[in-house]
Each structure stands twice: as C-alpha cells, then as structure tokens.
Amino acid sequence: MDRIYLKDLIEWNNRKRRKPLIVYGARQVGKSYLIRNLFAEKYYKGKYIYIDFKRNVDERKFFDNHMDPMEIIQYLSVKYNMKINKETLLIFDEIQECLSALTSLKYFHQDYSDIPIIASGSMVRIKTGRNTKEKDFFFPVGSMTTLFVYPMTFKEYMMNTNQNLWNVIQEAYAQKKPLSREFHDLAMVELYKFLLIGGLPEAVNEYIESGSLLDARRVLKDIYGDYLSDMNLYQASEISITRTKRMFENAYRQLNKENENFRFSEVEKGAKRREYDNALYWLSCANLVYPCYCLKERITQPLSIHNESVFKVYLHDNGLLAMQSEISMVNFIDSNKWNTISGLFFENYVATELSSKNIKLFYWKGKNDNEFEFIVNYNGEIVPIDVKKKKGSLHSLKAYKNHNACNLAIRISSQNYMESDDIVTIPLYMVPLLVEDITLYL
C-alpha cells in the first residue's frame, strides 16, 4: 500500500549530508513495511541488510559488545555475504531492543556518514527510562534525523481504496466549492467505512484484499490484544500495568459521557490523577492516546497547557475506537442508521488527523456548557473548530467572542462545503486537506 511517508524517505536519501534516520511510531502503524517493502525494495533492491533486533539474537549480542562502525561493518559483511559501502542500506528494526545499536549511530555518523542507515522502533523504552541503564548507553542527540509515522489518515486510506474520488475531493477543496450531491454521498460512505476500519495498515489491507469488514474487525481485535500485552513492557510495577490497561480500555466510555473530561475516578473508584500519571505518560509515549487539554475563556498565543488535570483522551486509531465501543458495524455502512452514531467518533477522527501532523490538541470550555472541540493556530490566528454530526448552530461562538477576537470559526460536519460570514463548514472527508493547510503556518 502507498504511504505518504515514502516521500520523506526519498528526500532523506537524496540529501548530500545525510544522518542516520530513525523512524518512530506506535506498533502496527506500518514502519517496517514502509522502510523495507516500499523504500528498500525499490531504491536498494538486492543491496540492503535488514536486522530485526527482536529476532536476530546473534546480531544483538554482537552490537552489545562492539560499537566501532568498522567492526560492525566487517561483521555484517561476512554474516550477510554483502559488501557494505555507500550503495548499501542498513536497516536496524526494533532498535529499542538493542540500545548499543542506537548508540552506535553516533559513530556511524562521525566516521561513515556516507553509508545510509535507517533504524525503527518505539520510543516507549527510551522516554520512560525503563531498562535503559545499560553500560555505555546514551541517546545519539544531534547524530540522527527522525521521522514519526502515524496510522493512515483518511487521505492515505483514499489513496489506496479510491484515488479517483480523492482527486475529486482535492479539486473541490482547492476551489473552495462543494461537491455535487452524488460525489458528496460517495465520499461520506467512504468516510464512514474509514471510521469503522481505521488507519492501521494491516486492517486496511485486509479490507482491500478480502472486501470484508468482519475480517478487518478480526485484525483489529488481534492488534488490540497485542497493545494490551505490550503494556507489560517497560513499566515499574504490576499496578502501573493494570492502570495503563484500564485507562486505555476506558477511552470510549470516557468520551461517551456527558462531560467528556477524563475522570480517573470512573476508571477506578476513588482514584486520583497522581495515581494514573504513569499510565497516561506510558500511553502517550507509546502514541496510543492523544491527550487534549482544556483552555478556558481568554486564549493567548502560543497555545499552551493551563491545567494538566483537565483533559480528554482520544484513541490513536478510529477503528480501535469503533471496536472498543462495540457499536454494530451495520450502523457504519447503512446510511439510514448514521444518525444513531455518536458524534464522538467524528471528534476522535479529527483528533487523529490533527495529531498526524504533530498538532497539539486543545479544546475551549466556556460557561453554560459552551465548548469548541478543538482550538488551532491557523495562519497566525487562533481559530475555534466545532465538530458536529450535522449542520447544527455554533451556539458557543457568541460566548467565545466575549473573550477572544475571532475572524474565522470552522464547523466540521457531514454537511457539504459552505462559507457564510465568519464561519466555514468543512465536510468530514475534507479534514485532511484542512489540516494540511493549518500545518503550512506552523
């Protein structure tokens, strides 16, 4: 399948002064497939060495005792019967399992900068500091380029399922015009499928190959189980593991209540925030959840966290949220039942699209339940975003304007593209394009 990140790997590969590249991201977001199948097989076919430090025990042991790039090159040349030079790509997968290999990148950059190296793995072990006390380990700051990979956005989903329809959507957005009713309806059907399948490549690929939503759901259940198992890793105690799992498993229920602020007492009776700090930190490091922090009344730039204790939590994948909710798949594929779907699925979708571009999540809360789901910095202005199932009215806009200058408000809904006064309505399927616009000004 196509991924938008391939262009980043190509750009890195073409640099004259190239540092080792480290590709990070949650499990199952397609890092290995991107590096090996999409990039290496096309640009270094027959000229790359792939090492999985979880599986390749001999290589892991060698790196643990050798950090000199010359010795590593000699060893790998013999082991894989391949001459290693600037035409040879080295791939170090699951590099968090061999921290000495991560440290060695500093010396490769110093002494053999012409040899292309791509490493990939999870940041959880590094950020949490668990089991990173090995002798001579240090993070090679300044000696590498980083790339963070997220689950597939709706744009990537459409690139792989219906590129022609996506071209029509892009053209309409560029012209700031609504789609024809026929194309709008087709686009909404694809959007609802995406909310059900999500952006984890294995689930998307299963649906593309089999055409079965049930098979895609089975894949998601397996991945969900793997995520829960991963929570046993790099944590200080059994209670931390238990709380991390509880917090992850409660994401849908927390979003589906009247007050969407995350309440730890609803995860565990009598629980306090400080008792769940490690759980939230672990899930954030693993990139499995996206915290969205509350801003109140008057907002100032730059956007920053005012109160760390008031926030919402969104799941990093829409398919996992749909699965966790246990909502019937029929509701997502039968347009007559779309009204039964909670608007929180749209909120989570917008949160994942914003997060995929490294946009920090904030929401605004006023008095009398006035609220905007997201607040972004767009073209030098603070812009409120309201996410609705249908057209609705921006009843919170007047309250927001009592405290903040506002030349533009954005409504995201199932309605077609529309502009009126200081409000722009963006249909759900155009959100990736809106987010791309926002990132132009960051």
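Helix H2 (residues 31-43) lies across strand S1 (21-24), S2, S3 and S4, and runs at about 170° to S3, where lying across rests on contact, meaning heavy atoms within 4.5 Å. Helix H5 (residues 99-111) lies across S1, S3 and S4, at about 160° to S4. Such angles run from 0 to 180 degrees between N-to-C directions, with axes fitted as lines to C-alpha atoms, for helices over the stretch in contact. Helices (H or I, at least four residues) and strands (E, at least two) are DSSP runs, numbered from the N terminus.

This is a predicted model, in which local features need pLDDT of at least 70 and side-chain atom pairs count only at pLDDT 80 or more, while totals for chains, interfaces and linings use all residues. Residues are numbered from 1 along each chain as its sequence is written, and side-chain values use heavy atoms, with hydrogens and water left out.

The sheet itself is open and is formed by five strands in the order S2-S3-S4-S1-S5, with parallel pairing; two strands pair if DSSP finds at least two bridges between them. Strand S2 (48-52) and strand S5 (145-148) are the edge strands, each pairing on one side only, and the twist averages 15° from one strand to the next. Strand S3 (residues 89-93) and strand S4 (residues 117-121) run parallel and are joined by three bridges, and Ile-91 stands opposite Ile-118 in S4.

Ile-73 is found in helix H4 (residues 69-80) and counts as buried at 11% relative accessibility, where buried means under 20% relative accessible area, exposed over 50%, and partly exposed in between (1.4 Å probe, protein chains only). Leaving aside residues up to four places away in sequence, Ile-73 touches Ile-84, Phe-108, Tyr-112 and Ile-115.

The structure holds 19 salt bridges, each a side-chain nitrogen of Lys or Arg within 4 Å of a carboxyl oxygen of Asp or Glu. Among them are these:

| Side chains | N to O distance |
|---|---|
| Glu-156 and Arg-3 | 2.6 Å |
| Arg-27 and Asp-230 | 3.0 Å |
| Arg-181 and Asp-185 | 3.0 Å |

Glu-156 and Arg-3 are both buried. Arg-27 lies in the loop between S1 and H2 and Asp-230 in helix H11 (residues 213-230), so this pair ties together parts that are 203 residues apart in sequence. Arg-27 is partly exposed, with a relative accessible area of 32%, whereas Asp-230 counts as buried at 13% relative accessibility. Arg-181 and Asp-185 both lie in helix H9 (residues 181-197), four residues apart, about one turn of the helix.
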